[in-house]
Amino acid sequence: MKIQLTEFCMAYQDQGSGIPVLLIHGYPLNSAMWEPQLTDLADCARLIAPDLRGHGNSEDVDGAYTMEAHAQDCNELLEKLGVQRKVIICGLSMGGYIALAFYRLFPDKVTGLVLTSTRAAADSFEAKANRDESIKLAQEQGIQAIVKGMAPRLLSASTRASKPQLVNQLGELMMHNSLRAVQGDLLGMKVRINSIPLLPEIRVPVQIIHGADDDIVPLDEAVRMQALIPGAGLCLIHHAAHLPNLEQPKYFNKCMREFLKQWKP
Ligand code: MLT
């Protein structure tokens, strides 16, 4: 489905009924990464999964790709869809950075947060330098160079062995984004603010979900967030790296279901 926002036409998926859950994808992915959640969890929630600006089937914009710009697009989508209830914001990796930006901008619209494969800290000096390298690489060699380096790192060794087709599927999914979006995300992540001071101020239920083998965002980051967010739960998914929702959908969805029970009518 598509909807016209102020700056661009946004593609999104919208399935199920009940408490609204906004599923925000990571970099450089799109809403297709939520397929196992969209098919399995629609009986207990209304799942709304946008393709962020320039990703998947959404139009590209000649503007900022900051975490705040993405969060504002998500808010506009919810407004245009007429969603009146408070929502659960579920973000994976960059989607988690956007979820925290959304909470900072619109705290009164949020009733819960799911932070998966993500961190609250800003980029280190070294991470910022790596972003610059990646922007240059994408400029010189195209998105395929980014995909080649990143796709295998997203999955654990056990997933690569048990689901070899997933590496190729992910590669195709990652290619379905514009160069401007890939570079824009890199710049947006590089300049994102440190959300650590926000964590003790969060006043809604929070579920953290993390793959035990994640080396893009190490588990320490999740443990650190749990320690700072009042009452936050941490669900550790074994045999999964950066994409536990795709690598171990059964366990990921079980964890989501448990969390969502709080909003059952
Ligand atoms: C992501 O998966 O969204 C990114 O790898 C996050 C990052 O690079 O910080």
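Here are a few friendly questions and answers about the ligand site and the aromatic rings of this predicted model.

Reader: Which pocket does the ligand take up?

Author: Happy to start there. A molecule counts as sitting in a pocket if more than half of its atoms lie within 2 Å of the pocket's grid points. The space taken by the ligand is the largest pocket.

Reader: How much of the ligand's accessible area does the protein cover?

Author: The residues surrounding the ligand include G26, R119, R131, M150, I216 and H242. On its own, the ligand has 270 Å² of accessible area, and the protein covers 94%.

Reader: Which residue lies over the face of Y97?

Author: Y97 is one of the residues around the ligand. At 3.8 Å from the ring centre of Y97, over its face, lies R192.

Reader: Is the aromatic pair of F259 and W263 stacked or edge-to-face?

Author: F259 and W263 are both buried. Their ring centres are 5.1 Å apart, with 65° between the planes. Planes over 60 degrees apart count as edge-to-face, so this pair is edge-to-face.

Note on methods:
Residues numbered from 1 in each chain as written. Predicted model: local features only at pLDDT ≥ 70, side-chain atom pairs only at ≥ 80, totals over all residues. Heavy atoms only, no water. Phe/Tyr/Trp six-rings, centres within 6.5 Å; stacked < 30°, edge-to-face > 60°. Buried < 20%, exposed > 50% of the residue type's maximum accessible area, 1.4 Å probe, protein only. Lys NZ or Arg CZ within 6 Å of the ring centre and 35° of its normal. Near = heavy atom within 4 Å. Areas by Shrake-Rupley, 256 points an atom, 1.4 Å probe, with all protein chains shown as cover. 1 Å grid on protein atoms, 1.4 Å probe; cavity = no way out; pocket = protein on both sides within 12 Å on 5 of 7 lines; lining within 4 Å.
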